[in-house]
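Let's take a walk through a protein model together. Have a look at the chain first, and then we'll go through it piece by piece.

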Amino acid sequence: MRIESRVLPEQLPDLGDLPPLLTRLYAARGVRTARELDRSLRALLPWNLFKGIDRAVQVLRQALELRQSILIVGDFDCDGATASAVAVLGLRALGAARVDYLVPNRFEYGYGLTPEIVEVALQRQPDVLVTVDNGISSVEGVAAARAAGLRVVVTDHHLPGAQLPEADAIVNPSQPGCDFPSKAIAGVGVIFYVLMALRAALREDGWFSPARPEPNLGELLDLVALGTVADVVPLDANNRILVHQGLARIRAGRCRPGIRALLEVARRPAERLASTDLGFIIGPRLNAAGRLDDMSLGIECLLTDDEQAARDMAGELDSLNRDRKAIEQGMQQQALQMLDSASLQESELPFGLCLFDPQWHQGVIGILASRLKERYHRPVIAFADAGDGLIKGSARSVPGLHIRDALDSVAAANPGLISKFGGHAMAAGLSLPAAHFEAFCQAFDQEVRRQLSAEDLTGRLLCDGELAAEEFSLQLAAALRDAGPWGQHFPEPGFHGEFTLIQQRLVGERHLKLVLQPPGSAEVLDAIAFNVDTQVWPDPNIRRARLVYSLDVNEYRGRQSLQLMVRHLQAC
């Protein structure tokens with residue numbers, strides 16, 4: 001593992017009256033102006049930059065005025081669940097008479113607005129279909145809905161294919177001709193913007209009155225923040241505003257009962273919630289419903305106003321998440337055994353790694369691909385049996401390879417090899433005939449080799465340099481925590497250095513508690529490293545170690561103290 005320092009611009013930007021360390025941290029993450037650090041709602045990009053949003057508002061406004069039935073068609077991940085909840089709650093608050101949602105079961109219908117899902121939707125007798133976090137590739141599904149007399153509004157953030165669906169309106173920053181600058185916005189953010197635009201139009205029409213007061217859509221920002229972080233989209237300036245505002249609501253206790261209940265089952269105090277907790281604590285519990293069962297349970301948990309019902313559903317989601325972990329661990333062991341049995345050195349592995357087992361769980365292959373990517377530092381696609389002679393893959397990539405575009409290149413060079421695919425830069429999904437698996441493995445590896453070198457597949461940790469002895473302080477840890485939100489493409493500050501090891505002991509099964517002494521200091525510090533290699537640690541013979549770490553505020557029985565969160569640990 002290589003440890004490298006982040007590159008700073010030749011000239012640091014003027015970001016106002018900030019401590020020098022924070023200025024360097026922000027500059028290393030691409031911040032160029034103080035305006036990019038404004039986390040107030042007034043700094044949000046305006047909704048009228050979205051192509052198609054006026055037409056979407058027109059369709060929805062008419063549905064509200066005519067008291068028509070609106071059906072939200074969501075996706076079965078956390079972004080899709082939060083987007084579905086935001087759409088339902090927001091439209092109800094704006095005065096929609098009839099709003100319901102439908103989320104495809106991934107094992108029966110697969111992803112998106114398919115013709116089969118349209119058939120299911122027609123049983124609800126809707127007048128308008130609104131897709132959230134999907135739809136941009138649903139050419140056949142939209143056509144089926146339109147043929148049945150429905151109006152269709154597509155809201156999505158995924159990359160479009162060569163052909164766009166012929167919907168009544170499409171709101172997607174990635175569609176051709178859209179000037180909305182934040183291409184990184186999540187699906188939940190897109191529908192939130194549509195609701196803001198709809199509210200503005202209704203306000204102009206005199207829709208609101210004492211009997212029908214104008215809603216505060218800011219009350220939905222806890223859900224927007226959760227979906228944005230859990231979908232691992234880049235936290236650009238606009239997304240940081242959405243996440244910061246949502247976190248502030250959660251910390252203040254002004255969040256949905258379902259979010260509060262999910263934090264309770266995870267034993268995480270809301271007032272100390274960090275942006276990463278949304279992705280690592282709440283997100284997996286919601287996602288477990290879509291991975292193993294039906295995401296409707298997760299959506300209902302987010303929609304309910306009943307505190308006890310929220311607790312009951314959060315308990316079910318927590319149980320599903322424990323099941324998911326057990327399935328994932330078994331699949332990981334199988335994958336590692338596959339690779340061990342091939343007797344390949346890491347340098348001999350394919351550049352693009354593909355694995356398939358007919359017994360693997362469709363809902364968990366994405367997590368498996370992510371774990372293997374982290375272990376082997378290369379793009380990974382894990383496949384599971386999808387029935388009818390097809391296999392379904394979930395892909396995770398590394399910096400330097402746009403995985404959706406790589407699949408597009410493979411498909412273009414090998415017509416008929418892939419049945420369908422879609423996704424983002426770092427994550428994608430695909431289906432192909434099981435008989436094509438070996439040919440696909442070769443074609444994918446060739447494409448990865450065309451784009452990446454062996455050096456690109458070397459694991460590296462980017463850090464923000466070393467801290468001076470006086471910088472190991474509770475005050476700095478608190479300042480760094482408040483300087484976020486941190487996340488994808490805006491990583492939490494991390495530092496490196498050599499330390500003297502005073503004490504080492506295991507807690508739990510694989511977590512290493514440390515007492516450290518920084519160089520040039522008589523002070524000692526607490527630290528913890530999660531999921532260490534227990535064949536190496538603890539080792540009393542190791543007296544010095546190089547650490548990559550972040551500063552953390554640890555709270556125990558009302559007392560705050562500085563703690564280092566160790567990301568990487570190696571003996572000197």
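## Ground rules and an annotated stretch

Helices (H or I, at least four residues) and strands (E, at least two) are DSSP runs, numbered from the N terminus. This is a predicted model, so local features need pLDDT of at least 70 and side-chain atom pairs count only at pLDDT 80 or more, while totals for chains, interfaces and linings use all residues. Residues are numbered from 1 along each chain as its sequence is written, and side-chain values use heavy atoms, with hydrogens and water left out.

Over residues 357-449, the chain is 39% helix and 28% strand, with 24 Å between the end C-alpha atoms. An unreviewed UniProt entry labels residues 357-449 "domain: DHHA1"; annotations like this may be inferred rather than shown by experiment, and positions are in the numbering used here, with feature names shortened.

## The greasy middle

In soluble globular proteins, nonpolar side chains tend to be buried together. A nonpolar core here is a set of buried Ala, Val, Leu, Ile, Met, Phe, Trp, Tyr and Cys residues joined through side-chain atoms within 4.5 Å. Buried means under 20% relative accessible area, exposed means over 50%, and partly exposed is in between (1.4 Å probe, protein chains only).

The largest nonpolar core has 143 residues, and Ile 70, Ile 72 and Leu 551 have the most contacts inside it. Helix α6 (residues 187-204) gives this core its largest share, 12 residues. Apart from it lies another core, of 26 residues, including Leu 407 and Val 448.

## Around Trp 486

Ser 275 sits in helix α10 (residues 275-292) and is buried, at 6% relative accessibility.

Pro 491 lies in the loop between α16 (474-482) and β13 (495-507). Pro 491 is partly exposed, at 25%. Leaving aside residues up to four places away in sequence, Pro 491 touches Arg 6, Arg 29 and Trp 486, where contact means heavy atoms within 4.5 Å.

## Cysteines on their own

How many disulfides (pairs of cysteine sulfur atoms within 2.5 Å) does a search of the whole structure find? It finds 0.

Key: Disulfide = S-S within 2.5 Å.
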